[in-house]
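Q: I have a model open and want to learn how to read its features. Can we work through them one at a time?

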Amino acid sequence: MSALPLAHAPGQWRVAATRRIEYELRKADDVFDPQNDALLAGGRSRGSRRFVVIDDQVHRLHGARVAAYFQSRGVQARILALPGGEEHKDEAAWRRVLQALDAFPIHRRDEPVIAIGGGVLTDVVGFAASCYRRGLPHIKVPTTLMGYVDAAVGIKTGINFNGHKNRLGSFEPPRRVLLDRRLLATLAPRHLRNGVCEIVKLAVICDAGLFDLLERSGADALASAFQAGASAAILDRAVGGMLRELAPNLYEDDLARAVDFGHTFSYGLEMRHAATLLHGEAVLLDVLASTVIAERRGLLAEADGERVLALVARLGLQPEPRLLEPAHMWQALLDRIEHRNGHQHVPLPTAIGACAFADDVVFPEIEAAVAALTERMTGHEPIAQC
Ligand SMILES: NC(=O)c1ccc[n+]([C@@H]2O[C@H](COP(=O)([O-])OP(=O)(O)OC[C@H]3O[C@@H](n4cnc5c(N)ncnc54)[C@H](O)[C@@H]3O)[C@@H](O)[C@H]2O)c1
């Protein structure tokens, strides 16, 4: 850091500082095995404390092992279980975490908060950790596919506010992320498919190899709850690809981001259809609409567009295009223009695994794309289910 008087302006100083961001993601086989050091590494261990927030479903399944883990390590743990689900990603959950944290004093540096759960839980806990005493370190253990390949991978935290998704949040790098694929074994099929939607997004916009892998082995991986076959290869490639996109632009200084593919027209969709639509499902609808927009612009070959639709059908994802309402999509785009500082920056695929940004999308082309997509989707019956 430097604080220098400005030579040309007496009585004014300029502060410039750089802070290094460094965190690691590592695969951890059986993270709750008392022999496994991963949960405690990077902090004080025997005789120390940990504030642990865990998704209530994960608590039901693994709570006893989690408690036994800390007990066997001589670490005093306060374990708070919170419900997952988008409807619980709110100020009340955030405040509950902060109140419980305030009642369980922990060191500010060497007793990291531990978040074990899906994207909702890790987003809420990451945000609370970033606020409490202006920032406590935290560790994320994703337990959903969405968390494993996306929500736990980057540095964004957030809660829904004022009817808007993720309207409050922070950039808060975790200290580490522990990836234990076994935890996915108990996920409901719909939540597995929800996570797959984000992997499809990534494949279409920036990784043709991942797309091939999904075509060949995605349905089998899904059917095994990502426990068998090519599952590990798909997950590794998805996490690596996500990091390649996020790492050079962690704080989103560049607002034209390929990983925003699927996150333009979908904005607000899952809040509007809270009872029927999960995050990944909304993203997939946007991916498909954007794919058709790209085709109709002549940016994407029709054969590639067909491959995307065929993969979606092959994976049994069953998106419902009738939920795409052009007027709402247009409103979502207008909101994204604020978010993207005055630009549309709509990511569109130009081939499988390649991206361009559009800044001139107009309402009639959204309408036409939705109509075309709805018509085409009826020609692709799902052939794989899990
Ligand atoms: N921070 C980011 O960069 C980022 C990126 C992508 C998504 N997200 C956020 O992630 C959220 C969605 O995450 P999600 O799909 O994980 O939802 P979620 O956290 O609500 O979890 C889905 C369901 O699975 C249950 N569950 C969790 N782990 C389980 C397990 N191992 N076995 C059985 N059930 C389990 C939960 O209780 C919940 O009912 C959205 O709010 C989205 O905005 C954030």
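Q: Is arginine 297 buried, exposed or partly exposed?
A: Count the other C-beta atoms within 10 Å: 20 or more means buried, 12 or fewer means exposed. This is a predicted model, and in it arginine 297 has 16 such atoms, so arginine 297 is partly exposed.

Q: Where is arginine 297 in the fold?
A: Arginine 297 sits in the loop between helix H9 (279-296) and H10.

Q: What is the C-alpha separation of alanine 16 and arginine 65?
A: These two are also 49 residues apart along the chain, and their C-alpha atoms are separated by 47 Å. Alanine 16 belongs to strand S2 (residues 13-16). Alanine 16 is exposed, because 8 other C-beta atoms lie within 10 Å.

Q: Which residues does glycine 42 touch, leaving out those up to four places away in sequence?
A: Glycine 42 touches Pro112, Arg175 and Arg176 on that basis. Take arginine 175: it is 133 residues from glycine 42 along the chain, with 8.0 Å between the C-alpha atoms. Glycine 42 lies in the loop between S3 and S4. Glycine 42 has 16 C-beta neighbours inside 10 Å, so it counts as partly exposed.

Q: What is phi of aspartate 30?
A: Phi of aspartate 30 is near 55°, which is positive in a residue other than glycine. Aspartate 30 is in the loop between strand S3 (24-27) and S4. With 13 C-beta neighbours inside 10 Å, aspartate 30 is partly exposed.

Q: And what is phi of glutamine 318?
A: Phi of glutamine 318 is near 50°, again a positive value in a residue other than glycine. Its place is the loop between helix H10 (302-314) and helix H11 (326-339). Glutamine 318 has 15 C-beta neighbours inside 10 Å, so it too is partly exposed.

Q: Which residues of H1 are buried, and what covers them?
A: The buried residues are Gln57, Val58, His59, Val66, Tyr69 and Phe70. Their cover includes strand S4 (49-55), strand S5 (76-82) and strand S6 (113-117).

Q: What follows H1?
A: Glycine 74 follows H1, and its phi is positive, near 70°.

Q: How many residues of H5 are buried?
A: Of the 18 residues of H5, 16 are buried, so H5 is largely enclosed by the rest of the structure.

Q: Which residues come nearest the ligand?
A: There are 29 residues around the ligand, and Gly84, Gly118, Gly119, Thr144 and Met146 come nearest. Helix H1 (56-72), helix H3 (119-131), H4 and helix H5 (189-206) each give two or more residues to this shell. By type, the shell divides into 8 nonpolar, 15 polar and 6 charged residues.

Q: How is the chain divided into domains?
A: Domain 1 covers 24-185 and domain 2 covers 198-377. Their C-alpha centres lie 28 Å apart.

Q: How many residues does each domain put into the contact?
A: Domain 1 gives 17 residues and domain 2 gives 21 residues. On the side of domain 1 that touches domain 2, helix H4 (145-151) and strand S9 (164-171) each supply at least two residues. H4 gives the most to that side, with 5 residues. That side of domain 1 divides into 10 nonpolar, 2 polar and 5 charged residues.

Notes:
Residues numbered from 1 in each chain as written. Predicted model: local features only at pLDDT ≥ 70, side-chain atom pairs only at ≥ 80, totals over all residues. Domains from an automatic or database assignment. Contact = placed C-beta atoms within 7 Å. Helix = DSSP H or I, 4+ residues; strand = E, 2+ residues; numbered from the N terminus. Nonpolar A, V, L, I, M, F, W, Y, C, P; charged D, E, K, R; others polar. Near = placed C-beta within 6 Å.
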